[in-house]
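Please look over the sequence and the model shown here before reading on. The report is meant to be read with both in view.

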Amino acid sequence: MTLQEAVSARQEELLRTLQESIRIRSVQAPAEEGCPYGPGVRRCLDHALETARGLGLKAVDMDHQAGWCEYGEGEEMVAVLGHLDVVPEGDGWSFDPFGGEIRDGKVFGRGSMDDKGPTVAALYALAAIRDAGLPLRRRIRLLLGTNEETGSQDMKYYRAHGGELPVMGFTPDGEYPVINGEKGIVNMTFRRTYAQSGAVRIKRIGGGSAPNVVPAHARAEIVCPPELAEQWMAAPAEKLRVSETADGMLVEAEGVSAHGASPQEGENALGRLVRALTALPLAEDAGAAVCFLAEKLGMETDGAALGAALRDEVSGPLTLNWGTLEGDDTSLSLTVNFRYPVTKTYEDCGPAVRAAFEGAGFTLEREVHKPCLYIPQSSELVQTLLRVYAEKTGLPAAPKSIGGGTYAKAIPNVVAFGPIFPGDEVREHKPDEFIEVDKLMKNAQIIAEAMYQLAK
Ligand SMILES: [Zn+2]
């Protein structure tokens, strides 16, 4: 039996297991005894491990934080990293989000694509390698994650508690062909207090919902004399709306939302707002704070004014998004989210951003840094995955770098490989999430061949 035949022979079981898995609502919930990510996630992990044991694979539950199953012999291990937790179903479904219904050649349900479908496909791919009796010189381990959607604490736990690290691996939780570069991501929260006196003052200012989203709306309530409000109302700047209030005016700015990984595709409403506010005779350090924000952030998306512009061949420029601002008459706090090129380091940009803000009286309140990921195209891992993909699909295979982060960052020596093919409709995290049966099986074939090629 060839590997391809062995995978095909498992199709019915694979579908049934995926349906069972989808029917378990594995959305993160408050921790309970034995359920660090809630009972649904635990049940889904148990289900996957029981299925693996039923297939004759070695299966291990690591304190209900994560699990793994393994096949083969050898000193070294290659890994496939999948996850069983899902995001909440949300509204707008025309199918039962936890029904696992198969209709018109598609399996519907939360997690069908992200990431239960590919994970169950990997489980049967592993069984198929055993069925086909292929000789291996490395072990193959399928890591069953349980917390990808809400912080990847599962893999932190795995690493911190002696979980073996692979010499190479991939996660079918991104897209094809191969994502071999992911920019480093930094979130910084700054705060500044100020004193205000005088006739023109900031009463409230803010906008934005998250560090990684370009804000589409921003607003400032300004205390000022009625004449000034009238003057602004008479001639508002572009994409600005000004209205009168009891003690002054409300200035609202409009922008265009975009993902924080590609801020150049949006227009930052906060930047537009503070640029406009520099025309106000704000007194003392409130005025200085607004001018600083207008000059150093404004509507810029490359960090140049902060002294943090960077670029490389593989992944392009550093991008920066000013995601949120919240302030009142005495202080303001804001977040910036920036992503540096894959061949650069935090040291090349982080200190410059920090120094610019601190030089203007801001304090760094919180910082989160996810280092970049880069595995060169010439590596055995990337070469092998590209070759398998090209052979199985007949499609062109070139690796790519992205500004977003995938699960690959959770485990060393891992890149994102599948499950989404170029041009596919992407319904992850949306209503009516589905995976086509034929693409699910295509994934199982690709995953099986990639596992085998990496481990043989
Ligand atoms: Zn995922």
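## Domains and their interface

The model is predicted, and the domain assignment of the protein divides it into domain 1, which covers 3-183 + 373-455, and domain 2, which covers 185-370. Taken over C-alpha atoms, the centres of domain 1 and domain 2 are separated by 39 Å.

Where the two domains meet, 10 residues of domain 1 are in contact with 12 residues of domain 2, and together the domains bury about 820 Å², of which 64% is on carbon and sulfur atoms. There are 0 salt bridges between domain 1 and domain 2, although 3 residue pairs are in polar contact across this interface, with both residues at pLDDT 80 or more. On the side of domain 1 that touches domain 2, the elements giving two or more residues are strand E9 (179-182) and strand E20 (373-374). By class, that side of domain 1 has 2 nonpolar, 5 polar and 3 charged residues.

## Salt bridges between separated parts

Side chains of opposite charge can pair when their charged atoms come close. In this model the count comes to 25 salt bridges, and a few of them are described here.

One of the pairs is Arg138 with Glu76, whose closest N and O atoms are 2.8 Å apart.

## Arg10 and its surroundings

Arg10 is found in the loop between helix H1 (3-9) and helix H2 (11-22), and it counts as buried at 15% relative accessibility. Its side chain makes a polar contact with the side chain of Glu13, at 3.0 Å.

When neighbours within four places in sequence are left aside, Arg10 is in contact with Leu55, Tyr124, Ala127, Arg130 and Asp131. Two of these contacts, Arg130 and Asp131, form a salt bridge with each other, in which the closest N and O atoms are 3.2 Å apart. Arg130 counts as partly exposed at 24% relative accessibility, and Asp131 is partly exposed as well, with a relative accessible area of 27%.

## Two buried loop residues

Val342 is located in the loop between strand E18 (331-340) and helix H9 (350-359), and it is buried, with a relative accessible area of 5%. Not counting residues up to four places away in sequence, Val342 touches Gly181, Glu182, Lys183, Asp312, Val314, Ser315, Cys372, Leu373, Tyr374 and Ser401. From Asp104, by contrast, Val342 is 41 Å away in space, C-alpha to C-alpha, and 238 residues away in sequence.

Gly260 lies in the loop between E14 and helix H7 (269-277), and this glycine is buried, with a relative accessible area of 0%. Its contacts, again not counting residues up to four places away in sequence, are with Asn212, Val213, Thr319, Asn321, Asn337 and Arg339. Gly260 and Leu320 are 60 residues apart in sequence, while their C-alpha atoms are 7.6 Å apart in space.

How values were computed. Residues numbered from 1 in each chain as written. Predicted model: local features only at pLDDT ≥ 70, side-chain atom pairs only at ≥ 80, totals over all residues. Heavy atoms only, no water. Domains from an automatic or database assignment. Contact = heavy atoms within 4.5 Å. Buried area = accessible area lost by both parts, 1.4 Å probe. Salt bridge = Lys/Arg side-chain N within 4 Å of Asp/Glu carboxyl O. Polar contact = N/O pair within 3.5 Å; in protein donor to acceptor, adjacent residues only side chain to side chain. Helix = DSSP H or I, 4+ residues; strand = E, 2+ residues; numbered from the N terminus. Nonpolar A, V, L, I, M, F, W, Y, C, P; charged D, E, K, R; others polar. Buried < 20%, exposed > 50% of the residue type's maximum accessible area, 1.4 Å probe, protein only.
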